[in-house]
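User: Hi! I would like to go through this model with you, one question at a time. Could you take a look?

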Amino acid sequence: MKKYVFKRILTAVITLLIITFLLFTLVRIMPGNPFPSERMTDEAIAAKREEMGLNDNIFVQFWNYMKNVMKGDFGKGTSLYNGAPIKTVLGKSLANSFKIGGIAILLGTFVGLVLGVVAALNRDKFMDVFCSVVSILGVCVPAYVFLIFLQYNFAYKTTLLPYFFDSRRFFESTIIPSVSMSLFTMSTIARFTRNEMVEIMDSDYVLLAESKGMYGSKLITRHVLRNALIPVVTVLAPLVVDLLTGALVVEKIYGIQGIGKLMVDAISGEGIDYNYVLALGILYSALYIGIMLIVDLVYGLLDPRIRISSKGGDK
Amino acid sequence: MTNYTEKDFVLLGERDIQTDTNFASQPYWRGVFKRFFAKKRSVVGLIIVLVIIVLAFFGPLLSQNGYRDITSVKDPETGKEIVARGLDPQIPWLDKLLGKEADDGLFADKTFLFGTDDLGRDLWTRTWYGARVSLLIAFVTIFIDVIIGMTYGLVSGYFGGAVDSVMQRFVEIANSVPRLVIVSVLAIFMPKGIGLVIVALLITEWIGMSKIARAEMLKIKEMEYVLAGRTLGASNFSIIFKDVLPNTVGPIITQVMFSIPTAIFTEAFLSFVGVGIMLPECSVGSLIEDGFNNITTLPYQIVPPIIVLALLMLGFNFIGDGLREALAPKLDDM
């Protein structure tokens with residue numbers, strides 16, 4: 001087990017390093033000039049390039065950049081926020097995104113699990129149909145469409161909730177974005193849990209437990225639920241990642257100062273902010289790889305079969 | 001030994017002959033089709049998708065307005081051009097048929113099935129034109145991705161060993177880059193617009209295809225017919241592309257059915273964020289964005305593109321589910 005964990009962490013770190021290097025190189029080799037050539041003389045530009053270390057070997061530049069990144073310093077923005085240090089902006093944005101994303105994932109997982117379990121216990125009855133309707137809706141309609149719908153009905157038609165995110169009214173203003181973002185998670189988890197539960201309830205070992213005289217909630221919690229929940233962990237990882245992407249538009253629409261909005265601002269404006277693109281690219285990749293890693297490790301802990309088969313190379 | 005002739009046999013009739021229809025051997029694809037069409041869901045999905053495709057290609061023709069035409073009428077009293085801004089849906093001939101009182105506005109004789117947008121463009125035409133753009137982007141990119149992904153996966157799986165592990169490390173790294181990051185880096189190098197969307201989809205979507213193709217190859221290459229081919233001296237190329245490839249078509253088609261909605265979704269998302277389709281061109285995503293921008297003044301404007309998007313998702317997902325079940329039937333489905 002130790003060897004497995006170690007190997008898995010090592011590959012994650014190496015992958016992240018390679019990706020960071022590729023991103024860095026791509027952003028550095030891009031055509032164009034970071035200095036306003038009409039206001040600076042050629043000598044001044046050359047001097048500035050020298051000062052910023054842009055004439056160095058790409059590996060040296062990367063090394064220097066990574067040294068700063070390790071300290072949490074991503075440099076300064078080139079066009080956003082008048083070149084304020086990225087670190088402070090990023091810190092605030094991350095906190096906002098994590099809060100809302102965290103609520104969304106908790107809400108989605110919890111409601112999804114309950115819905116899935118209830119649907120499986122009431123197969124082909126009302127709750128089951130309701131569960132499939134929710135899961136179909138969640139798959140067909142993007143999170144931002146839900147957001148627009150909620151915003152229009154609950155913040156514009158009736159002013160129950162704030163129309164834009166307001167950090168002074170944190171609780172009220174997280175309801176709309178987190179509910180709309182949780183819907184996809186909810187629907188996927190509900191459908192997955194239901195199918196797993198149904199499959200296990202039809203399995204031979206549940207039949208055996210029943211024939212031994214076990215029934216009701218004891219049977220469900222001991223034999224069905226426990227086995228049904230393990231695979232749910234695997235779907236959580238891609239869901240969290242989808243949430244990262246979905247948050248982009250949600251944050252833009254609802255005016256949340258998060259990393260998603262930062263990304264939109266960095267790429268969709270007139271000038272593209274290269275340093276933000278690079279910093280956010282590294283951050284997103286790190287989050288993505290980190291989530292994958294955690295899920296793999298947790299799954300390995302929960303299900304010993306994974307550990308054994310992973311020795312053979314391919315899962 | 002007696003020689004039997006025909007006369008020695010008596011036909012007892014067909015009353016005792018029972019044909020096993022359930023397990024009778026039938027061509028593989030016929031079975032797949034039969035199981036696919038037996039499911040209500042997959043048929044519904046197929047119908048939805050076909051109707052939308054037909055409308056996307058012929059819908060704009062039903063209207064006299066082009067997707068970028070601004071409808072305007074000369075006001076007979078003042079002589080000024082009045083633009084049909086923000087009209088509600090109206091169908092004059094239907095109103096007449098139902099005996100409704102004729103609207104005496106300037107645009108009373110014009111048909112706008114979905115109304116018009118804030119600039120006076122016909123939303124019916126724009127919606128279907130946008131659906132056409134979204135569908136075309138999805139089909140083209142997924143088609144290319146299938147070719148790239150299948151080739152990559154089949155080659156990787158067939159050769160195995162060092163080739164496989166190098167190719168798989170590459171896939172692992174490519175798969176660890178979030179799509180968002182790819183898009184943002186592309187935005188540095190490319191102008192925003194349709195090209196950016198296509199390239200972003202090309203870079204990301206082939207990975208799923210290659211994984212499936214590789215898994216199929218690993219399964220199939222152990223079969224006797226591949227060994228037979230090799231013994232008879234078939235080249236690697238012909239084994240991979242002539243003998244194995246046709247047998248991987250099923251799972252790949254299923255994957256395509258799930259990739260197309262992803263592509264449409266991604267396109268909608270990128271256009272919404274503002275790096276996708278640019279005005280006056282439109283797609284489902286950019287139409288939703290337009291609708292969102294005018295939601296307080298023209299709330300119905302956002303409805304048609306959202307419904308089209310949702311139905312496309314639903315349809316392709318239903319078809320995908322149906323195909324997956326049809327290709328790998330469980331015993332109790334038969």
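User: Which residues in helix 4 of chain A meet helix 5 of chain A, and which residues do they meet there?

Analyst: Residues are numbered from 1 along each chain as its sequence is written, while chains are lettered from A and ligands numbered from 1 in the order in which they are written. Helices are DSSP runs of H or I with at least four residues, strands are E runs of at least two, and both are numbered from the N terminus; contact means C-beta atoms, placed from the backbone, within 7 Å. On the helix 4 side of chain A the residues are L115(A), G116(A), V118(A) and A119(A), and in helix 5 of chain A they meet M127(A), D128(A), C131(A) and V134(A).

User: How are helix 4 and helix 5 of chain A oriented to each other?

Analyst: The axes, lines fitted to C-alpha atoms over the stretch in contact, with angles from 0 to 180 degrees between N-to-C directions, come within 8 Å and cross at roughly 140 degrees for helix 4 (residues 86–121) and helix 5 (residues 126–140) of chain A. Angles under 35 degrees count as roughly parallel, over 145 as roughly antiparallel, 65 to 115 as roughly perpendicular and the rest as oblique. That is why helix 4 of chain A is oblique to helix 5 of chain A.

User: Is the crossing of helix 4 of chain B and helix 9 of chain B left-handed or right-handed?

Analyst: Helix 4 (residues 123–159) and helix 9 (residues 236–244) of chain B have axes that come within 11 Å and cross at roughly 120 degrees, so the two are oblique to each other. A crossing is left-handed if the near helix is turned anticlockwise from the far one by less than a right angle, and right-handed if clockwise. For helix 4 and helix 9 of chain B it is right-handed.

User: Which helix of chain B gives the largest share of the side that touches chain A?

Analyst: The contact takes 37 residues from chain A and 30 residues from chain B. On the chain B side, helix 5 (161–175), helix 6 (179–189), helix 10 (249–273) and helix 12 (303–327) each supply at least two residues. The largest share, eight residues, comes from helix 6 of chain B.

User: Is L161(A) buried, exposed or partly exposed?

Analyst: L161(A) sits in the loop between helix 6 (143–157) and helix 7 (170–201) of chain A, and among the residues it touches beyond four places in sequence are F154(A) and I176(A). A residue is buried with 20 or more other C-beta atoms, placed from the backbone, within 10 Å of its own, exposed with 12 or fewer, and partly exposed in between. Because L161(A) has 17 other C-beta atoms within 10 Å, it is partly exposed.

User: How many helices does chain A have?

Analyst: Of the 315 residues of chain A, 33% count as buried. Its secondary structure has zero strands, and the helix count comes to 12.

User: Where in chain A does pLDDT stay under 50?

Analyst: With pLDDT as the predictor's confidence in each residue, from 0 to 100, chain A averages 78, and 85% of the residues score at least 70. Where pLDDT is low, the predicted coordinates should not be read in detail. In chain A, the stretch where pLDDT stays under 50 has two contacts beyond four places in sequence, and covers residues 311–315.

Technical notes
Predicted model: local features only at pLDDT ≥ 70, side-chain atom pairs only at ≥ 80, totals over all residues.
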